[in-house]
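Subject: Structure handover

Hello,

The structure is placed below for your records. My notes on what turned up in it follow directly after.

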Amino acid sequence: MRTALLTSGSFCWTYQPQAVPSQSLVVHSSLEHGTCRTKAENGLVDEEAENFSGILKRRSVLWAGVSLFSSAVLGFPREGLAVVKQGLLAGRIPGLSEPDEQGWRTYRRPDEKSGGHGVGWSPIIPYLFSVPQDWEEVPVSIADLGGTEIDLRFGSSKEGRLSVIVAPVLRFADNLDGDATIEKIGRPETVINAFGPEVIGENVEGKVMSINVVQDSGRTYYQYELEPPHVLITATAAGNRLYLFNVTGSGLQWKRHYKDLKKIADSFRVV
């Protein structure tokens, strides 16, 4: 597994993490109040990881619940993609720009868009990303498992699909409210070991092909490539929220459109 750090400033440095064996991170899964959560307990091998186990106070959920959650988020198993034109989505506010010269559009979460319920929720800091012209918003049902944390879905029947998970940090930490950063939540390896199962529905051990750490406008993003299943994950934190941006596709879509899927994943930013 390779790890690199990139920065948009005038300097860069090499990131040299200490390995965090995934087997030392105890991840429990269960179904509680229709929301998926993960809890990391003690058992990490170094002091930082031990501190992180105290930060992550995720509620327990059955692995079956996590698997169902991954189906809701990423579309597993692969079913027909019900793509709906954005302007026709009930209760949704269009956030897509006009296509640029390359035929790509930028989605910015509208300030007027609602979202968030219960303890720890507050107005969501907007995010943006770019997609090819044929990608459209896919409805998120309130009946979806973990639906209150799935803020958005997009998809293309030809290329793949994406989802944005926005979760309050109060769900797994009690000392980051209003001042969350991804670095405070944990190192790249620790974060993917803790939250990767919520995305793919299984342990990520042996599936993380690469990790990049990118800095842009003072914010840090952890970027992961997992295989199998084929998925690109970008994680960051802002305000009192954790953001997980997930891009995936079938084996054939991955082979034919990997360049575009990677460009989509790399475009995610919190503004």
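One aromatic cluster is made up of Tyr107, Tyr127, Phe129, Phe154, Tyr243, Phe245 and Phe268. Rings of Phe, Tyr and Trp (its six-membered ring) count as a pair if their centres lie within 6.5 Å; planes under 30 degrees apart are stacked, over 60 edge-to-face, and the rest tilted. The structure holds ten aromatic pairs. Among them is the edge-to-face pair of Tyr107 and Phe154, at 5.4 Å centre to centre with 65° between the planes. Tyr107 belongs to strand β4 and Phe154 to strand β7 (residues 150-156), so this pair ties together parts that are 47 residues apart in sequence. Tyr107 and Phe154 are both buried (under 20% relative accessible area; exposed is over 50% and partly exposed in between, with a 1.4 Å probe and protein chains only).

On provenance: this is a predicted model, in which local features need pLDDT of at least 70 and side-chain atom pairs count only at pLDDT 80 or more, while totals for chains, interfaces and linings use all residues. Residues are numbered from 1 along each chain as its sequence is written, and side-chain values use heavy atoms, with hydrogens and water left out.

Overall composition: the protein has five helices and 13 strands (DSSP runs numbered from the N terminus, H or I of at least four residues for helices and E of at least two for strands). Of its 271 residues, 55% are buried. Contacts (heavy atoms within 4.5 Å) between residues at least 6 apart in sequence join residues at least 24 apart in 63% of cases.

The sheet with β4: three strands form an open sheet in the order β4-β5-β13, with antiparallel pairing (strands pair if DSSP finds at least two bridges between them). β4 and β13 (269-270) are at the edges with a single partner strand each, so one side of each has no neighbour in the sheet. β5 and β13 are joined by two bridges, and Leu128 stands opposite Arg269 in β13. Helix α5 (residues 251-266) lies across β4, β5 and β13 and runs at about 165° to β5 (axes are lines fitted to C-alpha atoms, for helices over the stretch in contact, with angles from 0 to 180 degrees between N-to-C directions). In the loop between β4 (104-108) and β5 (127-132) sits Ile124, which counts as buried at 12% relative accessibility.

Ile211 has Tyr224 in β10 as its bridge partner. The hairpin of β9 and β10 has two residues between the strands, and Ser217 there takes a positive phi near 55°. β10 continues to β11 through a hairpin of four residues, and β10 and strand β11 (residues 231-238) pair antiparallel over five bridges. Seven of the eight residues of β10 (residues 219-226) are buried, so this strand is largely enclosed by the rest of the structure.

Helix α4: all 13 of its 13 residues are buried. A kink of about 40° lies at Ala194, shortly before the proline Pro197 (the bend is the angle between axes fitted to the seven residues ending at a residue and the seven starting there). Gly201, with a positive phi near 80°, follows α4.

Regards
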